[in-house]
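Dear colleague,

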Amino acid sequence: MQGAQLKKHIDATLGSGNLREAVRLPLGEDLNEWLAVNTVDFFNQVNLLYGTLTEFCTPENCPTMTAGPKYEYRWADGVQIKKPIEVSAPKYVEYLMDWIESQLDDESIFPQKLGAPFPPNFKEVVKTIFKRLFRVYAHIYHSHFQKIVSLKEEAHLNTCFKHFILFTCEFGLIDKKELAPLQELIDSIIVPY
């Protein structure tokens, strides 16, 4: 299956409501290809979700990128910004989305051509993307959940996050300590299965 067919497979299995099934590597599929298609999907999903909050998540309301009182995230991309810097939440998300987009557009990392090889460090790149996307979810849940509820978007947010976490767990993409800000929520997602 190529990108477009894998995308169809994801949409079809998601529609079935069984997210556990939806995240599994389809039989005979290339793992990297599956990770790539899903990475693009989750990136777009988080981007859209966060987009609904931009009028509430402002430098004034969210001067730092946090997930509750105990967790603060600083930005570094290792290229332009080597030493992690403290930025507002909207600035962090802007840096992050631009950085992910540049990874996705880099054909040496995410090959577009059929049969082009993935780089040896591909899973590491994917793990960094997922770790950072998780931080956006953590910020939304900790800082903007009431707003999400008032917009009647919580069911959508919860489904997106559940899909994200099940995928992450299926392929071991985020270290447990990184998940701490939303551990209770994650436990409630993982345990019922």
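Angles under 35 degrees count as roughly parallel, over 145 as roughly antiparallel, 65 to 115 as roughly perpendicular and the rest as oblique. The model is predicted, so local features need pLDDT of at least 70 and side-chain atom pairs count only at pLDDT 80 or more, while totals for chains, interfaces and linings use all residues. Residues are numbered from 1 along each chain as its sequence is written, and side-chain values use heavy atoms, with hydrogens and water left out.

Helix α3 (residues 31-51) packs with helix α5 (residues 122-150) at an angle of about 25°, their axes 11 Å apart; the two are therefore roughly parallel to each other. Their crossing is left-handed (the near helix is turned anticlockwise from the far one by less than a right angle).

In helix α7 (residues 183-190), Gln183, Ile186 and Ile189 are buried (under 20% relative accessible area, with exposed over 50% and partly exposed in between, for a 1.4 Å probe and protein chains only). Seen down the axis of α7, these buried residues fall within an arc of 120°, so they line one face of the helix. They pack against α5 and α6 (154-170).

Lys152 lies in the loop between α5 and α6. Its relative accessibility is 71%, so Lys152 counts as exposed. The phi of Lys152 is near 60°, a positive value in a residue other than glycine. Most residues other than glycine have a negative phi.

Yours sincerely

Technical notes:
Axes are lines fitted to C-alpha atoms, for helices over the stretch in contact, and angles run from 0 to 180 degrees between N-to-C directions. Helices (H or I, at least four residues) and strands (E, at least two) are DSSP runs, numbered from the N terminus. The arc is that of the directions from the helix axis to the C-beta atoms. Contact means heavy atoms within 4.5 Å.
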